[in-house]
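Q: Please take a close look at one part of this structure, its pockets. Describe their linings, and state the cut-offs behind each term.

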Amino acid sequence: MAEKKPEIFELNNGTMQVKVSNYGCTITSLCVPGKDGKLADVVLGFDTLEPYLKGAAPFFGCIVGRVANRIKEGKFTLDGVDYTLPINKPPNSLHGGFKGFDKQVWDVVEHKQGGNPSISFKYDSHDGEEGYPGAISVTATYTLTSSMSLRLDMEAVPENKATPISLAQHTYWNLAGHNSGNILDHTAQIWALHYTPVDQNIIPTGEITPVKGTPFDFTAEKRIGNEIQEVGLGYDHNYVLDCGDEKMGLKHAAKMKDPSSLRVLDLWTNAPGLQFYTANYVNGITGKGGAVYNKHAGFCLETQGFPNAINQPNFPSVIVRPGEKYQHSMLYEFSVE
């Protein structure tokens, strides 16, 4: 069989343009209008695939799996069997290991043009890959569902063994434009009354804690930079999506707004959690057009199963068994207000 080649594909509906690669299902660019109809690319990334392939991206734009986020000490037990995963972010396993789904070349199953352009990718993950049990078949479809909306539908089916599955989309957004500096002046609203506090290794303690009266409270629109200095390096926490309106089977998770361009991003999902991350570890990465990305150059809205859920019985289960299907959808709605 011919070696699959990493490429970049385009979805364009005349209003917004998205570039996405079969390498890690990575969104490399997303151009959307702001005030005065001015287009800007609102995604951190690189002009070519080479830096992604060389590992220069801290998960820019990609889908991470088999299990997103951290698994404590890279260990879990399932159906009486102990599993050990690669410790790629000591002392834990992060985003699927050293060669997670973000570093695989996926098959392009379908690429449709027209009024609602879409692209579908497929990846078959083998039994024992990065230490995980059982083979699974994964699909991811990006669709421009309206002039200013992008939808992502992810599915995974285990073949013959139970396994944890929790995928996340890891795009770093900057609604003022990828090259506009930090996102501290953006406002955020997150439909979560609770979050999961973490220990010194960024592993949840198991508690589900109210955000009220803490710097983690984004139940009302708030400037990201207002209290960020009170939470260590910045936000890198899982929010419990427990109070958003619903539409089309998805919950309102977050609303982000840039005051300079007036661009707004509303995110809807069916996942139980949202990792809100403010690019705390980004430091001097040279990206598209020579732009230099530093700390807080973007934010991530990673809807997901809770971190380390496989080891926390009180968290929603991430175990998927043969005969079941993992389904995770996200809707990104852009607007100007």
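A: The lining of the second largest pocket divides by class into eight nonpolar, four polar and three charged residues. In this division, Ala, Val, Leu, Ile, Met, Phe, Trp, Tyr, Cys and Pro are nonpolar, Asp, Glu, Lys and Arg are charged, and the others, Gly among them, are polar. The model is predicted, with local features requiring pLDDT of at least 70 and side-chain atom pairs pLDDT 80 or more, while totals for chains, interfaces and linings use all residues. Numbering runs from 1 along each chain as its sequence is written, and side-chain values rest on heavy atoms, with hydrogens and water left out.

The second largest pocket has 15 lining residues, and Gly55, Ala57, Phe59, Asp102 and Lys103 are the ones nearest its centre. On a 1 Å grid over the protein atoms alone, a pocket is an open set of points where a 1.4 Å probe fits, with protein on both sides within 12 Å along at least five of seven lines; a lining residue has an atom within 4 Å of a point. The volume of the second largest pocket is about 220 Å³, a volume being the space filled by probe spheres set on the points, which are joined across faces, edges and corners.

For the largest pocket, the volume is about 260 Å³. Its lining comprises 18 residues, with Phe59, Leu94, Tyr172, Tyr277 and Tyr281 closest to the centre. By class, 10 residues lining the largest pocket are nonpolar, four are polar and four are charged.
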